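Subject: Structure handover

Dear colleague,

Here is the structure we talked about, with my notes on it below. Please read them with the model open.

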Amino acid sequence: MRKLVLGRGLAALIAVVALAVLPYAIGEVYYVNIASQILLYAIFALGLNILVGYAGLVSLGHAGLFGIAAYVAAYLLVAGHGHVLAIMAALLASLLATAGFAALSLRSTGITFIMITLALGEIIWGLAYRWISLTNGDNGITVPARPVPFGIALGSARAFYVVTLIVFLLAIAACGVFVRSPFGAALRGTRDQPRRMSALGYHVWMIRFWACMVSGLLSAVAGILFVYYNQFISPQALALTASAESLLMVISGGAGTLLGPVVGAALVVVVKNVVSAYVERWNFMLGAIFVAIVVFMPEGLVPGAVRLTRSLWRGRSKASLPITAGPRQ
C-alpha cells in the first residue's frame, strides 16, 4: 500500500512538471492556446463530474451556469469595474443561480432531473440571446483586457496558460479532497442507496444540494477563465451543444474518476480544434469515437485503460509462471 501511494505521488509530480514545462516545449502559440482550452474545459468537466459521477445526477443545463459567470464578469469589466469585483460578482451570481437550479431540479431524479436542467439551461440561453440591452445578443460582449495579477501581464499565451494551470491544479486538488472526504462518501451513498442513506439519518436532498453548489462553483471558475481566454462571450457558449460536449467529456473519460474528465476534455478539445482542421466531418468522427468508447470501454477511457492494463499484466504474470510436472505414477 505504501509503495502504491508513493507511486501515485511520483506519477502526479511527473504530470505536474510535464504540464508546467509544456508551453515552453511547444513552439507554436496556437497549441499553447489549445492546452489552455483543455485545462479550462477540464475544470468545467470536473464540476459536472461531481453530479454525474459521484451523485448520479445527469445535467444538461450546466452551460447556463458556465455562461452566467462569464456574462457577469464581462458585463462588469465593460462597465469599468475592476477584475477582482468582476470575478467575485461572477462567482456569487453563478452560486445564486446554482441554488435556484438545485431547488427546482432536485425535486426528482433520473430522466425528470435531466429534462428540468435542460429546460433551465435553455431559459438562460434564451435570455442571453434575446435580452439584447444587457447581453448584446448575437454580437456578444467583448472584454477589453485580461487582468494583471501582481504586475504580471496575462496577454501572452504562455502567461495565461500558467495561470490556468494553477487554477486547474487547485480545482483538481479540491475535487480530490472533496470526493475522499466523509461528505464525498455520503454523496456516493445517495447515488447508490438513497433510501438506505435516508433511513440512516442522512438528509439526501441537502447532500445533493451542496454537491450542486460545488459543481456550480467549478463551472463558474471555468466560465470566468473562458471569458478571459477569448475576451469575448456570446450566447453560443450557453447553448445545448456546450452542455452536451461537457457531458461527453465526463462520460468518455470516465465518470466518477478524477482523471476521466481531464482526459475527456483533452479528447473533445483536440478533435474540435485540431482534427477539425484536417477532417471536414469532424463531428462524425467525434461521434464515432464516443460510440467506440461506449462499446469497448463503457466505464470510460481512464477506468477502461486501467482494466486493460491489469488484464494484460495478469496474463503476462500467468504466462511467466513455471510449468510443474505432475506426480509420477
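The residues that line the largest cavity are Leu-51, Ser-59, His-62, Leu-65, Thr-98, Phe-101, Ala-102, Ser-105, Phe-113, Thr-117 and Cys-212. Helices H3, H4 and H5 are the elements that give two or more residues to this lining. H4 supplies the largest share, four residues. The volume of the largest cavity is about 60 Å³, and a search of the whole structure finds one cavity of 30 Å³ or more. Please keep in mind throughout that this is a predicted model.

Helix H5

Two of the lining residues, Phe-113 and Thr-117, are also among the buried residues of H5. An α-helix has 3.6 residues a turn, so residues three or four places apart point the same way. On the other side of H5, Ile-111, Ile-123 and Arg-130 are exposed. The cover over the buried residues of H5 includes helix H3 (62–78), helix H4 (83–105), helix H6 (132–135) and helix H11 (240–253).

The length of H5 was also checked. The helix runs over residues 111–130, and at 1.5 Å a residue its 20 residues should span 28 Å; the end C-alpha atoms are 28 Å apart, which agrees.

The nonpolar core and its neighbours

The largest nonpolar core has 91 residues, of which Tyr-41, Ile-50, Phe-168, Leu-187 and Ile-233 touch the most other members. H2 contributes the largest share of this core, 18 residues.

Ile-50 is in contact with Ala-55, Cys-175, Phe-178, Val-179, Leu-187, Ala-211, Ser-215 and Leu-218, leaving aside its neighbours within four places in sequence. Two of these partners can be followed further.

Leu-187 is one of the buried residues of helix H8 (residues 182–192), together with Gly-184, Ala-186, Gly-189 and Thr-190. The buried residues of H8 pack against helix H2 (29–55), helix H7 (157–180), helix H9 (194–199) and helix H10 (204–230).

Ser-215 sits in helix H10. Its relative accessibility is 0%, so Ser-215 counts as buried. Beyond its neighbours within four places in sequence, Ser-215 is in contact with Gly-47, Leu-48, Ile-50, Leu-51 and His-62. Leu-51 and His-62 are among the residues that line the largest cavity.

Phe-44 is in helix H2 and is buried, with a relative accessible area of 2%. Leaving aside neighbours within four places in sequence, Phe-44 is in contact with His-62, Ala-63, Phe-66, Ser-219, Ala-222, Ala-242 and Ser-246. Phe-44 and Leu-238 are 194 residues apart along the chain, and their C-alpha atoms are separated by 13 Å.

The second largest pocket

The second largest pocket holds about 340 Å³ of space. It is lined by 13 residues, and the closest to its centre are Ile-87, Val-163, Val-167, Ile-224 and Leu-225. H4, H7 and H10 each supply at least two residues of this lining.

Helix H13

Leu-286 is in helix H13 (residues 282–296). With 9% relative accessibility it falls under the 20% limit, so Leu-286 counts as buried. Not counting residues up to four places away in sequence, Leu-286 touches Leu-248 and Val-271. The C-alpha atoms of Leu-286 and Val-275, 11 residues apart along the chain, are separated by 9.6 Å.

Backbone points to check

Most residues other than glycine have a negative phi. Which residues depart from this? Two of them are listed here.

- Asn-136 has a phi near 70 degrees, a positive value in a residue other than glycine. Asn-136 lies in the loop between H6 and strand E1 (141–142), and at 35% relative accessibility it counts as partly exposed.
- Gln-231 is not a glycine either, and its phi is positive, at about 55 degrees. Gln-231 lies in the loop between H10 and strand E2 (232–233) and is partly exposed, with a relative accessible area of 25%.

Best regards

Terms used: Residues are numbered from 1 along each chain as its sequence is written. This is a predicted model: local features need pLDDT of at least 70, side-chain atom pairs count only at pLDDT 80 or more; totals for chains, interfaces and linings use all residues. Side-chain values use heavy atoms; hydrogens and water are left out. Buried means under 20% relative accessible area, exposed over 50%, partly exposed in between (1.4 Å probe, protein chains only). Contact means heavy atoms within 4.5 Å. The expected span of a helix is 1.5 Å times one less than its number of residues. A nonpolar core is a set of buried Ala, Val, Leu, Ile, Met, Phe, Trp, Tyr and Cys residues joined through side-chain atoms within 4.5 Å. On a 1 Å grid over the protein atoms alone, a cavity is a set of points where a 1.4 Å probe fits but cannot get out, and a pocket is an open set with protein on both sides within 12 Å along at least five of seven lines; lining residues have an atom within 4 Å of a point. Grid points are joined across faces, edges and corners, and a volume is the space filled by probe spheres set on the points.
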